[in-house]
Amino acid sequence: MFLIRDYRKPAILFGLLMLFTFVMVGCSPTPAAPTPDLQASVDGEALTAQPSATPTSTQEPAPTPVPPTSAPRPATTPTNVAATAGNAQAVVTWSASSSNGGSPITGYSVTASPGGATATWSSGALTATITGLANGTAYTFTVTATTAVSTSAASSATPATIPTATLTPTVASTATATQSVPWSACDSANSPVATYSYQDGGFQFDFDINPASSRVKQVFLGTTPTMGKRHQWDANNTNGFNLHHFRRTVFEDLSATSFIVPMLSPTSVPVNVTVTLNAQLEDASWCTALLVDNFSYNQGLQGADAITIPEGVTIDYDRYSGFTVPQPLAESVIYAMSSNDPYQERPGWMDVPLRDYPAKLRVALYGVPTTTHWQIAAELIEVIRAIAPDLDARFATTHEEVTMPLHVTACPEWKIKTEEHPCNSRGMDGSFSDGGYRDGGLAETRGYLWISGSSGYTTTLIRHEMVHQMGLGHVKCKGSISIVPDYQGQYWTASDLAAIVVHQEVRTTHGMTMDQARSALGIPKDSRWEELLADRSLVCENQVAAYDALAAKLQSNSE
Ligand SMILES: [Zn+2]
């Protein structure tokens with residue numbers, strides 16, 4: 001489990017932080033917005049993220065003519081091979097060989113690559129299902145035809161397709177008849193609601209008193225991730241999505257007699273929640289009623305739903321396509337794998353293991369992101385494509401495709417009170433977690449980022465947390481985006497970019513020690529290496545000029 005939490009601001013923003021913290025901790029509660037506390041959607045026309053480039057199909061060779069008098073030959077190759085990925089499987093279809101070579105075709109065989117899993121066909125429609133595939137892995141498929149004589153050459157491979165786990169929230173089982181709200185710690189004279197029912201994806205509440213003349217000050221419906229996950233906000237089984245299930249829907253007009261609260265899952269990842277109705281009285285005391293202790297959404301975001309990128313966000317996946325990644329230097333390796341982390345009370349340099357997660361980089365923003373947040377992510381995707389091309393970084397097109405969710409949340413007062421929520425009294429600003437990669441989780445993801453949208457510098461936070469996500473710890477080099485808490489830069493520097501390359505390089509793998517990474521990258525263990533290890537401040541100097549222009553361009557594009 002690897003988790004970096006960032007609590008503090010750069011010095012230049014420290015005053016703002018103190019003011020912000022004071023406001024958040026010291027002021028009276030502010031009602032949260034009545035709308036659900038999430039939604040990646042935005043007002044206005046939405047643009048659909050660009051889908052992955054589809055490999056161009058290969059022209060099939062013309063069938064070889066079969067001389068009429070020759071002995072039986074192999075069948076020609078099957079054509080039009082296509083695959084549709086499912087959950088750990090793929091359905092493959094094809095067209096029959098145009099010639100059986102003089103001997104009847106007895107079967108077809110489908111082979112997956114990588115892994116070599118096979119499925120065979122003997123009769124019926126020309127289709128076969130290959131099972132046992134690894135979700136998140138890109139597969140191609142070929143088909144051969146078999147006759148009594150021999151087996152044909154393999155067909156052209158299909159375009160790559162990726163099996164994906166099905167992430168469909170389970171159907172709610174809480175449809176009930178009208179029943180009384182089970183208030184606790186609240187006397188009947190002050191009970192503000194008489195009955196409730198759950199129908200058609202929402203709770204309906206009917207008041208039988210006039211709250212305006214009662215002692216009721218505020219009523220809201222709250223949802224909290226079901227116990228067992230509450231204390232694992234970085235648990236691998238929900239990839240951090242459960243944070244978005246802490247929600248509160250305030251009944252704004254208490255003079256109304258009826259309220260309907262839609263229950264929409266705020267993320268595509270199934271997370272059950274506890275549903276409570278809460279009333280605050282004029283004396284600041286609270287009544288709480290537990291309505292459902294394990295609610296399952298049946299509406300809301302689904303895994304297959306398309307992700308829309310807000311209008312106005314631009315991304316050019318080829319913006320830096322002319323960049324050639326240079327051979328890493330010793331300086332970059334030591335920069336990449338050194339950490340000076342004041343949060344962990346480690347004032348000196350320490351070595352950090354190489355961090356590289358195998359999944360492709362598919363980004364989506366959740367919570368309350370603004371167009372600016374999306375744009376910052378777009379700019380970082382663009383540059384990662386140039387320096388770590390094998391990650392094929394891009395915005396995800398569907399929710400189930402996401403390998404790196406970037407959560408942006410506001411921290412209303414009620415969340416801060418919840419100790420296990422990152423919006424707690426310590427003033428959480430941002431974090432990156434790999435969710436326990438190699439400890440049993442997130443093998444198909446790259447972890448997740450959590451950003452406080454209440455912070456005054458969320459754009460810098462996204463760059464900062466994403467540099468963690470790309471492998472770096474807290475580097476004690478002035479101007480770096482990853483230094484904390486003072487002198488933090490606003491953008492990734494040339495040295496930051498070069499260090500990211502060390503982590504994401506194809507020759508390095510997750511968990512390598514610094515010396516293993518040095519060796520893997522073909523860097524000699526010479527006097528320069530020893531000199532840099534003896535005085536790591538030397539790696540803070542700009543010794544990676546190849547990245548200067550790229551860093552400058554990144555900065556200018558971000559302004
Ligand atoms: Zn950090």
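The chain contains nine helices and 25 strands, where helices (H or I, at least four residues) and strands (E, at least two) are DSSP runs numbered from the N terminus. The model is predicted; local features need pLDDT of at least 70, side-chain atom pairs count only at pLDDT 80 or more, and totals for chains, interfaces and linings use all residues. Residue numbering starts from 1 along each chain as its sequence is written.

Of the 559 residues in the chain, 42% are buried. A residue is termed buried if 20 or more other C-beta atoms lie within 10 Å of its own, exposed if 12 or fewer, and partly exposed in between, with C-beta atoms placed from the backbone. Among contacts with a separation of 6 or more, 74% join residues 24 or more positions apart; two residues are in contact if their C-beta atoms, placed from the backbone, lie within 7 Å.

The largest nonpolar core comprises 100 residues, and those with the most contacts inside it are Val363, Ala377, Ile384, Leu406, Leu497 and Ile500. Such a core is a set of buried Ala, Val, Leu, Ile, Met, Phe, Trp, Tyr and Cys residues joined through C-beta atoms within 7 Å. Helix H3 gives the most to this core, with ten residues. Because domain 1 (3-53 + 304-558) and domain 3 (179-295) both give residues to the core, it lies between them; the domain bounds come from an automatic or database domain assignment. With residues up to four places away in sequence not counted, Leu406 touches Val363, Leu365, Ala377, Leu449, Ile451 and Ile462. A second, separate core of 18 residues includes Val92, Tyr108, Ala112 and Ala119.

Helix H3 (residues 371-387) packs against helix H5 (residues 458-469) at an angle of about 35°, with the axes 9 Å apart. Axes are lines fitted to C-alpha atoms, for helices over the stretch in contact, and angles run from 0 to 180 degrees between N-to-C directions. In this pair, Thr372, His373, Ile376, Ala377 and Leu380 of H3 meet Thr458, Thr459, Ile462, Arg463 and Met466 of H5.

Asp356 is located in the loop between strand E20 (346-351) and strand E21 (362-367). This residue is buried, with 22 other C-beta atoms within 10 Å. Asp356 and Gln504 are separated by 148 residues in sequence but lie 5.9 Å apart in space, C-alpha to C-alpha. Apart from residues up to four places away in sequence, Asp356 touches Gly471, His503, Gln504, Thr508, Thr509 and His510.
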